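Reader: I'd like to learn how to read a model like this one, feature by feature. Could you walk me through it?

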Amino acid sequence: MEVITIEGGHPITGEVTVEGAKNSALKLMAATILAPGVSTLTNVPNIADVHVMGKVLKELGAKIVVADEHTLIIDTSAVDRWETPYHLVAQMRASTAVLGPLIGRFGKATVAMPGGCNIGARKIDMHLLGLQALGVEFDMSHGDICATTPHGLTGATVSLDFASGGATENLMMASVRAKGITTIDNAAREPEIVDLANMLNEMGAKVRGAGTPVIEIEGVAELAPVVHEVVGDRIEAGTFIAMAGVCGGPVTVKGFEPAHLGLVLKKYEQMGITIEQGPRQCVIARSVPLRPVDIQTLPFPGFPTDMQAQTMCALALAEGSCVITENVFENRFMFASELSRMGSNIVIEGHHAIVHGVPGFSGAQVKAPDLRGGAALAMAGLVAEGVTTISDIYHIDRGYERFVEKLRSLGAKVSREEQDIPE
Ligand code: UD1
C-alpha cells in the first residue's frame with residue numbers, strides 16, 4: 001500500500017502555487033455538455049476527481065484531449081448517452097453534477113443515486129425538488145434517478161432550505177435552457193458558483209446575481225462552446241496557509257484570490273498568524289504562540305467546512321481551549337480521532353468539538369479519513385516529533401495535485417512510498 005511518510009520538525013519556507021479549484025473544475029467540465037462543440041478549460045487541476053469526471057463525460061460520448069497537464073479540450077458534440085453509472089458516482093459524488101446539464105441539453109438524464117459518504121448522508125433532495133419545480137419528472141428505480149421533461153423545462157422560483165452548492169449548480173445548469181426566468185432563493189454564494197455562472201454567461205447564458213443569495217437565470221435557446229480558465233483553489237491555498245501558520249513560515253502562497261478566504265484569513269490572524277495579502281497571493285508567517293479561536297462552519301461567506309480539519313489541527317496546538325462547530329456536514333470529525341493518535345486532546349459532543357491545546361504532537365501511524373482530513377494529518381506530521389505515516393492516501397490524491405512534491409519544495413521531509421501495512 002502506498003503511504004506518505006513525514007519526518008516532523010523541519011521548517012517550511014518559500015513559495016507554492018495552487019492549482020485551479022477542484023470544486024469548480026468538476027462542474028465546469030459537466031457544464032461543457034450544455035454547449036455542443038469543443039470547449040477548452042485551462043488551469044484544470046491534475047487530480048483523481050478530475051480524472052473521474054473525465055470518465056463520466058466519456059461514458060456519455062464526449063471526447064477529451066489533454067492538451068497539456070492543465071488544459072482539457074472537451075468535445076461534447078457527439079454526446080448521445082444520458083446515463084451515469086453507479087461505479088462512477090460511487091467513486092465520486094460530484095458525478096451527479098451532470099444531471100443539470102444533461103436535462104438542460106436533452107431534457108433527460110439517468111444518474112445513479114449517490115449513497116452516503118464518510119462525512120455524512122449528503123442527500124440530494126434539494127437538487128431533485130428544485131428540478132421538479134422546473135418541470136422535471138423523476139422515476140427512482142434500481143438505484144437510479146431517471147429524469148424526464150415530458151412538458152419541457154419552464155423557469156420557476158426555487159427556494160432552497162439550505163444554501164447547497166451542488167443544488168444551486170444543478171439548478172443553474174438546467175435552467176439556462178428553460179423557458180422563461182428561474183429564480184434561486186437562498187442560493188449558494190461560493191466563488192465556484194460565480195465561476196460557473198461566468199462560464200455559462202460566456203457560453204451565451206443569462207445568469208445574474210451569482211455570488212449573492214438570489215440568482216436569476218433567463219433561459220436561452222442555445223449555448224456555444226467557450227475557452228475558460230478555472231478559478232484558483234481557495235481550499236488548496238487555505239491548506240498551505242494553515243501549514244505555514246503552524247510551522248512558522250514564511251511561505252508565499254500564490255494562484256488564488258485572498259478575498260475568497262476572507263473569514264479564514266481573519267480567524268488565522270486572530271490565532272496569531274501574520275498574513276500579508278497581495279494580488280492573488282498571501283505571505284504567511286508566525287512568531288507568537290498559536291491562540292485559541294472559536295470557529296463555526298457555514299456556507300460561503302462563512303467559514304468553509306473544507307478548512308475545518310486543517311484549522312482543528314492548528315487549534316489543537318494553541319495555548320488554551322476553543323470550540324469548533326460543524327454546521328454543514330453531520331459527520332465531519334473523524335479527523336479528530338486520528339489526530340488523537342498523535343497526542344491531541346479533543347472532545348467531540350454532537351456537532352461541536354472542544355479543542356484543548358497541547359504543547360506538541362508525536363508522530364504516529366494514521367489513516368486519512370477523507371480528503372481534507374488527510375491533508376490535515378500531513379500538516380500535523382510536519383510539526384510532530386518523529387515520523388508520521390499516513391495510509392489511505394487516495395483521499396489526498398482526489399483533491400491535491402503533487403501534494404508531496406509541493407511540500408518537499410517548501411523544505412518538508414516527506415515522501416511517498418510503498419509500505420506493508422496490515423489491513
Ligand atoms: C460541495 C463541495 C464540498 C464542500 C461542500 C460544502 C464539491 C464537489 N464539493 O459539496 O467540498 O464541503 O460543497 O461547502 O463541490 N444537502 C441536503 N440535500 C441536498 C443537498 C445538500 O440535505 O439536496 C446537505 C448535505 O447533506 C450537506 C449540506 O447540505 O449536509 C451541504 O451540501 P452541499 O452544499 O450541497 O455540498 P456539496 O455540493 O455536496
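Predicted model: local features only at pLDDT ≥ 70, side-chain atom pairs only at ≥ 80, totals over all residues.

Reader: Is threonine 42 buried, partly exposed or exposed?

Author: Buried means under 20% relative accessible area and exposed means over 50%, with partly exposed in between. Threonine 42 has a relative accessible area of 23%, so it counts as partly exposed.

Reader: Which residues does threonine 42 touch, not counting residues up to four places away in sequence?

Author: Threonine 42 touches His70, Thr71, His228, Glu229 and Val230. For a sense of distance, take proline 359, 317 residues apart from threonine 42 along the chain: the two C-alpha atoms are separated by 43 Å.

Reader: Now the ligand, please. Which residues come nearest to the ligand?

Author: The ligand has 18 residues around it, and those that come nearest are Asp125, Met126, Ser164, Asp306 and Val328. By class, this shell holds 6 nonpolar, 6 polar and 6 charged residues.

Reader: Which helices each supply at least two residues of the shell?

Author: They are α1 (22-31), α5 (125-133) and α6 (165-175). The most comes from α5, with 3 residues.

Reader: What lies 2.6 Å from an oxygen atom of the ligand?

Author: For polar contacts, look for N or O atoms within 3.5 Å of each other. Methionine 126 places a backbone N or O atom 2.6 Å from a ligand oxygen. Serine 164 uses an N or O atom of its side chain, also 2.6 Å from an oxygen atom of the ligand. Asparagine 23 has a polar side-chain atom 3.0 Å from a ligand oxygen. On its own the ligand has 740 Å² of accessible area, and the protein covers 83% of that.

Reader: Could we try another helix residue? Where is threonine 239?

Author: Threonine 239 is in α8, residues 234-247. Its relative accessibility is 1%, so it counts as buried. Beyond residues up to four places away in sequence, threonine 239 touches Met307, Gln310, Ala375 and Tyr400. With tyrosine 400 there is also a polar contact between side chains, at 2.7 Å.

Reader: Last topic: how many disulfides are there?

Author: A disulfide is a covalent bond between the sulfur atoms of two cysteines. To find one, look for a pair of cysteine sulfur atoms within 2.5 Å. Here the count is 0. Cysteine 313 is in no disulfide, and the nearest cysteine sulfur, belonging to cysteine 247, is 8.9 Å away.

Reader: Are cysteine 313 and cysteine 146 buried or partly exposed?

Author: Cysteine 313 is buried, at 0% relative accessible area, whereas cysteine 146 is partly exposed, at 25% relative accessibility.

Technical notes:
Residues numbered from 1 in each chain as written. Heavy atoms only, no water. Near = heavy atom within 4 Å. Polar contact = N/O pair within 3.5 Å; in protein donor to acceptor, adjacent residues only side chain to side chain. Areas by Shrake-Rupley, 256 points an atom, 1.4 Å probe, with all protein chains shown as cover. Helix = DSSP H or I, 4+ residues; strand = E, 2+ residues; numbered from the N terminus. Nonpolar A, V, L, I, M, F, W, Y, C, P; charged D, E, K, R; others polar. Buried < 20%, exposed > 50% of the residue type's maximum accessible area, 1.4 Å probe, protein only. Contact = heavy atoms within 4.5 Å.
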